[in-house]
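We will go from stop to stop.

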Amino acid sequence: MTDTVTPDARSRMMAAVKSRDTGPELAVRKSLHAMGFRYRVDKRIGKARPDMVFARYRAAVFVHGCFWHGHVDCRLARMPKSNIGFWCEKIERNMARDIRNMAELAEAHWKTAVVWECAIRDRGAADVANEIGNWLRGGKANIDLAMANRLDKPSPRSSPTAKNPIKAARKRK
Ligand SMILES: [Zn+2]
């Protein structure tokens, strides 16, 4: 089975998905702002460039597109049917960078939140913003917000490759 769009068109679609200031992310930022939180969107911490930096709370928030950051067990992270090697390479690079960023921030004593795109779609921006607000005020540990019940049929524990979209795609190839 081949992809229904040309690689070129697919590339443009994916590039659009990747851009910052996407609708759902903006909605979360607006909600947080309305709640009185102030943040920077263009601040670098070491090599990391979080989507929101709350310096007062020494907290950084990343909003991750599920496809681009290889969200495990997430239906928004399904691989296209063609050019799998191309997408895997890009996504693996992103995932490796995410891990480095988190380690660097932890070392510098920043707390981090990862907000997956699917959480915003599933729960709505206001709900997600509320949880971030509570975390900013009181949370000490890092958090990871995702849609509940991400896959219709959860993959069996005995099949670790099925849980990781990249590994599963590579296996299919
Ligand atoms: Zn997701």
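**Stop one: Asn 101**

Select Asn 101 first. Not counting residues up to four places away in sequence, it touches Lys 47 and Ala 48. This is a predicted model, and Asn 101 lies in its helix α3. Is Asn 101 buried or exposed, or something in between? Asn 101 is partly exposed, because 19 other C-beta atoms lie within 10 Å, and a residue needs 20 or more to count as buried. Asn 101 and Ile 45 are 56 residues apart in sequence, yet their C-alpha atoms are 8.9 Å apart in space.

**Stop two: the whole of α3**

Which residues of α3 are buried? They are Trp 87, Ile 91 and Leu 105. An α-helix has 3.6 residues a turn, so residues three or four places apart point the same way. Step just past the end of α3 to His 109. His 109 takes a positive phi of about 65 degrees.

Zoom out. The protein has seven helices and four strands. Starting at the N terminus, the elements run α-α-β-β-α-β-α-α-β-α-α. The protein has 173 residues, and 27% of them count as buried. Among contacts with a separation of 6 or more, 72% come from residues 24 or more positions apart.

**Stop four: the sheet**

Four strands form an open sheet in the order β1-β2-β3-β4, with mixed pairing. β1 and β4 stand at the edges with a single partner strand each, so one side of each has no neighbour in the sheet. On average, neighbouring strands of this sheet are turned by 15 degrees against each other, direction ignored. Look at β3 and β4. They run parallel and are joined by three bridges. Pick Ala 113 to find one end of a bridge: its partner in β4 is Ile 143.

**Stop five: the core**

Select Val 28, Val 61, Val 115, Trp 116, Ala 119 and Val 128. In the largest nonpolar core, which has 33 residues, these touch the most other members. Which elements each supply at least two residues of this core? They are α2 (23–34), β1 (52–54), β2 (59–64), β3 (111–116), α4 (117–123) and α5 (125–138). In soluble globular proteins, nonpolar side chains tend to be buried together. Now centre on Val 115. Leaving aside neighbours within four places in sequence, Val 115 is in contact with Val 28, Val 61, Phe 62, Val 63, Ile 120, Val 128 and Leu 145.

**Stop six: Leu 151**

Move to Leu 151, in the loop between β4 (143–145) and α6 (160–163). Leu 151 is partly exposed, with 13 other C-beta atoms within 10 Å. Beyond neighbours within four places in sequence, Leu 151 is in contact with Asp 73 and Arg 75. Asp 73 is 78 residues from Leu 151 along the chain, but their C-alpha atoms are separated by 5.9 Å.

**Last stop: confidence**

Colour by pLDDT. The average is 85, and 77% of the residues score at least 70. Among the elements, β1 has the highest mean pLDDT (98) and α6 the lowest (50). Select residues 153–162. Here pLDDT stays under 50, and the model has seven contacts beyond four places in sequence for this stretch. Where pLDDT is low, the predicted coordinates should not be read in detail.

Terms used. Residues are numbered from 1 along each chain as its sequence is written. This is a predicted model: local features need pLDDT of at least 70, side-chain atom pairs count only at pLDDT 80 or more; totals for chains, interfaces and linings use all residues. A residue is buried if 20 or more other C-beta atoms lie within 10 Å of its own, exposed if 12 or fewer, and partly exposed in between; C-beta atoms are placed from the backbone. Two residues are in contact if their C-beta atoms, placed from the backbone, lie within 7 Å. A nonpolar core is a set of buried Ala, Val, Leu, Ile, Met, Phe, Trp, Tyr and Cys residues joined through C-beta atoms within 7 Å. pLDDT is the predictor's confidence in each residue, from 0 to 100. Two strands pair if DSSP finds at least two bridges between them. Axes are lines fitted to C-alpha atoms, for helices over the stretch in contact, and angles run from 0 to 180 degrees between N-to-C directions.
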